[in-house]
Each structure stands twice: as C-alpha cells, then as structure tokens.
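Reader: I would like to go through this model feature by feature. Please give the general idea each time, then the case here.

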Amino acid sequence: MLINLSLYQPKNTDVAIVIDLLRASTTIIKSLETFNKVKPVNIEDEKIIQLSKKHNAILAGERKRSKIKGFDLSNSPKDIQNYEGELLILKTTNGTKVLENIQKKYENAIILIGSSINAEEIAKKIIQLNKEKVELVMAGRRQTFAIEDYVGAGIIINEIIKASKTTKIDLELTEYAKTAQIVTKDLKLSQELIEDSTSAKKLRLLNAGEDVEICKQINKSTIVPIYKNKIITQY
C-alpha cells in the first residue's frame, strides 16, 4: 500500500483522505454525531439559504472564518453540537472545493474526511479497505500549505502504521508522507503545532478558541465520514 501526501489535489489515488483540520473536517465529524447527512456546498449564499429552507436543513458556513449572514452558525465544531437533524448544509472557504475537485478527477475513488480527532478510526478503515494507493489530501489555505493539515495527516499516517502491524499489508511511504509521520510522532508537539498555527491564532482572535481545543484532540471520535454523490454520511 502506497501512502502519499498532497496539497489540495491528489496525484493518483484509490482512497483520498481530505484533511481540513481547522475547522471543516472536525466540524463534519462532530456534526455526524447528531445529523444523518452533511451536504457541503460552494454556491452563492442566497441559493444556499433557499436550499436550506427547501430541505428544512440547518445551515452552517464561514467566510474568512466568520459566520455568514443568514446562516444558523459558523463552521464551528463547538456550536454544531447544539444542533441536530436530518441534514446539515455546510459552506466552507476551502474544504468543499477540495471534495468536489477530487470527485470530478477521480470518479471511482473512495473519499473520506479525516482529522486528528478520528485518526485511529480512519486508519482502521484504510487497513480494512486495503487499497493500493492512499493519498492524504491537505485542504490548506487558498491552495497553500497550512501546518495544521500537515500535522493531522502525519497523525493519521502514524495510526495507519500502527493498524498495519497486525496484518500482512506492506506499507510504502513517499518522502512527503514520511516527513509528516516523523514530525508527528510526538503527540504533545503535534498539538502545540496546531495551537501555534496561523489559523488557530486567527480563530482565537475571533473568540473561537474553544473550536481550536476541539480540533486539536486526538482519537476522540469513532466516526469515519465518506463523501459520495455530493453527500457526506458515516461510512
């Protein structure tokens, strides 16, 4: 099994794990505790509001890390725990675009949503699927590197290595994936890197420090979200 790491767009993969640690991935994972489905969107705000009314859905979204006018809440893993229902419609700055791009380019790829909070469960699913090529796709910020996504990817890679030890699966890590794995062996340091990231600092300035605390958690969720036909559900 080849494990690779990429930014925004995978090179070639059977399974893609999309990581937008602060905050889309974590919000999606937390939302599936109380919602059956999540629909990520990337359309005009007014159309999204009309869509939410049509489906009687809760509407969450952010622009520059702040709640969009007319939406129920921001892209907040803390606030989403106060809501429940059949459908959550979610608009994010970057995460939605990444999911849509992967599905367009690799129609047959399995697309999972990962973060530090569900790293162990994602790893178990990867070993269970046992596909030839697995790519961890960092959403980044405006298609540029974001250290929190790199850290989240490394934590997941370390969990895949642990999960593979009781199997006969041979793992091969690209150099990019290997560096992320090495950097995140120290979990305390990993959490410090998340806390000190540019995104975390900006969220704290917006009084969203509690979101950062949730997003830096490691192996606290058993939920593995899968994106298929433009909808996210539990695998």
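Author: Strand β4 (residues 58-63) has 5 of its 6 residues buried, so the rest of the structure largely encloses it. Buried means under 20% relative accessible area, exposed over 50%, and partly exposed in between (1.4 Å probe, protein chains only). Helices (H or I, at least four residues) and strands (E, at least two) are DSSP runs, numbered from the N terminus. This is a predicted model: local features need pLDDT of at least 70, side-chain atom pairs count only at pLDDT 80 or more, and totals for chains, interfaces and linings use all residues. Residues are numbered from 1 along each chain as its sequence is written, and side-chain values use heavy atoms, with hydrogens and water left out.

Reader: Which strands pair with β4, and in what sense?

Author: Two strands pair if DSSP finds at least two bridges between them. β4 pairs with strand β6 (residues 85-91) in the parallel sense over 4 bridges, and I58 stands opposite L88 in β6. With strand β5 (residues 66-67) the pairing of β4 is antiparallel, over 2 bridges; here R63 stands opposite S66. β4 and β5 form a hairpin with 2 residues between them, and K64 in the turn has a positive phi of about 55°.

Reader: Which residues of helix α8 are buried?

Author: In α8 (residues 198-205) they are S199, A200 and L203. Seen down the axis of α8, these fall within an arc of 100° (taken from the directions from the helix axis to the C-beta atoms), so they line one face of the helix. N207, which follows α8, has a positive phi near 60°.
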